[in-house]
Amino acid sequence: MMNVDTLKTAFKQEYGAGGLPVQYFFSPGRVNLIGEHIDYNGGYVFPAALTLGIYGAIRLRQDGLIVLKSLNTTPSITVDLTKPIVYTLAEGWANYPKGIIKQLLDSGFSLTGCDILIAGNLPDGTGLSSSAALLVLTAFMLRTVNGDDNIDRAELAQFCQRVENRFIGVNCGIMDQFAVAMGKENCAILLDCETLSYKYIPVALEDYSLVIMNTNKKRELAESKYNERRSECEQALAILQGYKPISNLCQAAPADIDAYLTDGVLRRRARHVVTENNRVHAAVQLLENGEVAGFARLMTQSHSSLRNDYEVTGPELDVIVDTALGAPGCAGARMTGAGFGGCAIALVKTDQLKQFTAAVANGYNAGTGRDADFYVAGIADGVSLVEGSG
């Protein structure tokens, strides 16, 4: 199991002992409790940072080189701070920290050479925002070790979103980076994606636990379908703006959709967006009133909307959610993330976790031929310095 002590040992093996002090950081993954595919439509989302995530160790060097290594994947990459930094497909994961390095330099930050080791327990490509965790981790580490001890976390999230948009080339919204940077223990974030105003909402699950169910189906269609859904939502918004003074799709009313959208596909996409945004507000009210079971029912409604109106679930997610809903102790379940594979989440009675995971594992395997992985996750703080030296 990955922790700081394991990372210390690994860092010495990879880079050797001695030299300047090593600093250790943790960047959480994130799960969106409800409010899927809302962030780029200007509405409200409800993410939380996870106790699962990515650790980073960093030690300054005496030259202008940044050496990037990961215990989870290859290759290892060396970045020369005196030379142009460009996206290189063959360098895989290292493009994320490379993009951060380039953006920091372009923004006027002074960087020193360093050794960086990355390791984590956050599965890649599952909808838990491993890319946002890595971006935020790298930016937070580099700014901290180079003397920036007053980091504006909301600005940090926007900075990392720009890197993903411009350097990586993924047209993502702000939710993932915001949750990773701004997370708060035992709270989810009610985030207005248009204004970036936010509020921490305590999440007291009482005798329930949050279970993450990894379908182990990579999200091959997620990027292409994501771009397709964005385009469909933009088309729907443009039509509605001919009738209503709205600035984003979430501001439309259900009656507007029925009245003004004649295309069946656009109507379904807009209906998901509007009803899902409404479910976010309802979920917050239920949790503030301690009604966990009611919140769980909204999760299930969310999945149905994502399956039938937004059409981003796919067979694996549908099988694992349907199986979960019939398993012992489950109050509600839904896909999370972009869809077409990745993870789903469920609220499960804590005293029935063993029976639940056994039933879902068997049912999912029978339905898909795949094995699922399960994580019981807590809600954590955002990116942080864990230990100052070692």
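**Close-up views of a predicted model**

**Figure 1. The whole chain at a glance.** Counting up the secondary structure of the protein chain gives 11 helices and 13 strands. Keep in mind that this is a predicted model. Computed along the principal axes, the box that the C-alpha atoms fill is roughly 65 × 50 × 40 Å. A compact globule of 390 residues would have a radius of gyration near 21 Å, and the protein chain agrees, with 21 Å. Of those 390 residues, 56% count as buried. Among contacts in the protein chain with a separation of 6 or more, 72% are between residues 24 or more positions apart.

**Figure 2. A pair of rings in helix α1.** Eight aromatic pairs turn up in the structure. One of them joins phenylalanine 11 to tyrosine 15, a tilted pair with 4.9 Å from centre to centre and 40° between the planes. Both residues belong to helix α1, which covers residues 4-15. They sit four residues apart there, or about one turn of the helix. Phenylalanine 11 is buried, and tyrosine 15 is buried too.

**Figure 3. Three rings in one cluster.** Here Phe178, Tyr198 and Tyr200 come together as one aromatic cluster. Zoom in on tyrosine 198 and tyrosine 200: their ring centres are 5.6 Å apart and their planes are at 80°, so this pair is edge-to-face. How exposed is tyrosine 198? Its relative accessible area is 39%, which makes tyrosine 198 partly exposed. Tyrosine 200 also counts as partly exposed, at 26% relative accessibility. Phe178, on the other hand, is one of the buried residues of α5.

**Figure 4. Helix α5, tucked away.** This helix takes in residues 175-182. Eight of its eight residues are buried, so helix α5 is largely enclosed by the rest of the structure. Reading along α5, the buried residues are Met175, Asp176, Gln177, Phe178, Ala179, Val180, Ala181 and Met182.

**Figure 5. A four-stranded open sheet.** The strands line up in the order β10-β11-β9-β12, with antiparallel pairing. Which strands are at the edges? They are β10 (330-336) and β12 (373-376), and each of them pairs on one side only. From one strand to the next, the twist averages 25°. As a general point, the strands of a sheet pair through backbone hydrogen bonds, in either a parallel or an antiparallel way.

**Figure 6. Where β9 meets β12, and the helix across the sheet.** Strand β9 (residues 208-214) runs antiparallel to β12, and four bridges join the two. To find your place, look for asparagine 214, which stands opposite aspartate 373 in β12. Helix α11, made of residues 353-368, lies across β9, β10, β11 (343-349) and β12. The helix runs at about 25° to β9.

Figure 7. Alanine 293 is part of helix α9, which spans residues 292-308. Is alanine 293 buried or partly exposed? With 32% relative accessibility, alanine 293 counts as partly exposed. Alanine 94 is 199 residues away from alanine 293 in sequence, and their C-alpha atoms are 42 Å apart in space.

Methods:
Residues are numbered from 1 along each chain as its sequence is written. This is a predicted model: local features need pLDDT of at least 70, side-chain atom pairs count only at pLDDT 80 or more; totals for chains, interfaces and linings use all residues. Side-chain values use heavy atoms; hydrogens and water are left out. Rings of Phe, Tyr and Trp (its six-membered ring) pair if their centres lie within 6.5 Å; planes under 30 degrees apart count as stacked, over 60 as edge-to-face and the rest as tilted. Buried means under 20% relative accessible area, exposed over 50%, partly exposed in between (1.4 Å probe, protein chains only). Two strands pair if DSSP finds at least two bridges between them. Axes are lines fitted to C-alpha atoms, for helices over the stretch in contact, and angles run from 0 to 180 degrees between N-to-C directions. Contact means heavy atoms within 4.5 Å. The radius of gyration is taken over C-alpha atoms; the globule rule is 2.2 Å times the number of residues to the power 0.38.
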